[in-house]
Amino acid sequence: ALLQRSGMAAAEAPRRVLVYGGRGALGSRCVQAFRAKHWWVASIDLAENEEASVNVVVKMSDSFVQQADQVTEDVGKLLGENKVDAILCVAGGWAGGSAKAKSLYKNSDLMWKQSVWTSTISSHLATKHLKEGGLLTLTGAKAALAGTPGMIGYGMAKAAVHQLCQSLSGANSGLPPGAAAVAILPVTLDTPMNRKSMPEADFSSWTPLDFIAETFYDWVTGKNRPCSGSLIQVVTTGGKTELTAANL
């Protein structure tokens, strides 16, 4: 009877997830998906997401240390001793430009802030607040598995995220026992902004946001979760999406 009772208590414990980038297109969809399943969802972003249970608002800064300390402190105050089942880092963005582009420095700076800063902060938060056996997802890019001459800053930033994911899967990375770090490597996500900027594109080759949110839910709840350190390519063809691990 005791065993049964403790099992029930575990089932009733609130499931918690942090969504870093919870105001973006993919982040908003993740917030919706987990709220719909009655999870406690914290959104971390530059602006609030009203659908989240709670918000941590990131202050704009040109200092990584300053921003990282602010977010880490605010999340610590919010959670206290509570642990989360998952941290989904879905912050990011895209900017193009070759090494010759006037915008190279500006765009590279933006890419590091959006992808590398957020992924690094999410990783440290995972060492503090993720449950044993929990999941950290990072957002890479399939394009960054090779050279990206037309989008230098983007390729560098995403390649750094891939490397971070692999590092986190190693022994003594600092992640809790049994926890996994998995990166998704999409091609193009089907977002309103992408449709607006590329109206002539073949949308059937774009990955629906719902597919990603549902995949995350499966992985968080232990269904088909890839092993830690996996870089999972997300490829959509003719409206059908497939997940395949990149073999580096």
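This is a predicted model: local features need pLDDT of at least 70, side-chain atom pairs count only at pLDDT 80 or more; totals for chains, interfaces and linings use all residues.
How many bridges join β1 to β2, and do the two strands run parallel or antiparallel? Five bridges join them, and β1 and β2 run parallel.

Residues are numbered from 1 along each chain as its sequence is written, and side-chain values use heavy atoms, with hydrogens and water left out.

**View 1. Strand β1 and its partner β2.**
Welcome to β1 (16–20), which pairs with β2 (40–45) through five bridges. Strands (E, at least two residues) and helices (H or I, at least four residues) are DSSP runs, numbered from the N terminus, and two strands pair if DSSP finds at least two bridges between them. Look for L18, whose bridge partner in β2 is A42. R16, L18 and Y20 point one way from β1, while V17 and V19 point the other way. Five of the five residues of β1 are buried, so the strand is largely enclosed by the rest of the structure. Here buried means under 20% relative accessible area, exposed means over 50%, and partly exposed lies in between (1.4 Å probe, protein chains only).

Side chains of opposite charge can pair when their charged atoms come close. The structure holds eight salt bridges, each a side-chain nitrogen of Lys or Arg within 4 Å of a carboxyl oxygen of Asp or Glu. In this view D85 and R15 meet at 3.0 Å, N to O. D85 lies in strand β4 (residues 84–89) and R15 in the loop between α1 (2–12) and β1, so the pair ties together parts that are 70 residues apart in sequence. D85 is buried at 8% relative accessibility, whereas R15 is partly exposed at 31%. K131 joins in too: R15, D85 and K131 are linked in a network of salt bridges.

In the salt bridge of D109 and K113, the closest N and O atoms are 2.7 Å apart. Both residues belong to helix α4, four residues apart, about one turn of the helix. D109 is partly exposed at 32% relative accessible area, while K113 is buried at 18%. E242 and K240 form another salt bridge (3.2 Å, N to O). Of this pair, E242 is partly exposed at 46% and K240 is exposed at 52%.

Rolling a probe the size of a water molecule over the atoms shows where empty space is left. On a 1 Å grid over the protein atoms alone, a pocket is an open set of points with protein on both sides within 12 Å along at least five of seven lines, a cavity is a set where a 1.4 Å probe fits but cannot get out, and lining residues have an atom within 4 Å of a point. Points are joined across faces, edges and corners, and a volume is the space filled by probe spheres set on the points. The largest pocket has a volume of about 1,300 Å³. Its lining has 41 residues, with A91, G92, G93, W94 and Q114 nearest the centre. Helix α4 gives the largest share of that lining, five residues. By class, there are 21 nonpolar, 15 polar and five charged residues in the lining; Ala, Val, Leu, Ile, Met, Phe, Trp, Tyr, Cys and Pro count as nonpolar, Asp, Glu, Lys and Arg as charged, and the others, Gly among them, as polar.

**View 2. The largest cavity.**
The structure holds one cavity of 30 Å³ or more, and the largest cavity has a volume of about 40 Å³. It is lined by 13 residues, of which G96, G97, N107, I152 and G153 are the closest to its centre. Helices α4 and α5 each supply at least two residues of this lining, which divides into seven nonpolar, six polar and no charged.

A95 sits in the loop between β4 and α4 and is buried at 9% relative accessible area. Not counting residues up to four places away in sequence, A95 touches N107, M111, M151 and Y154, contact meaning heavy atoms within 4.5 Å. T137, in strand β5 (residues 130–139), is buried at 0% relative accessibility. With neighbours within four places left aside, T137 is in contact with I87, L88, C89, V182, F216 and W219.
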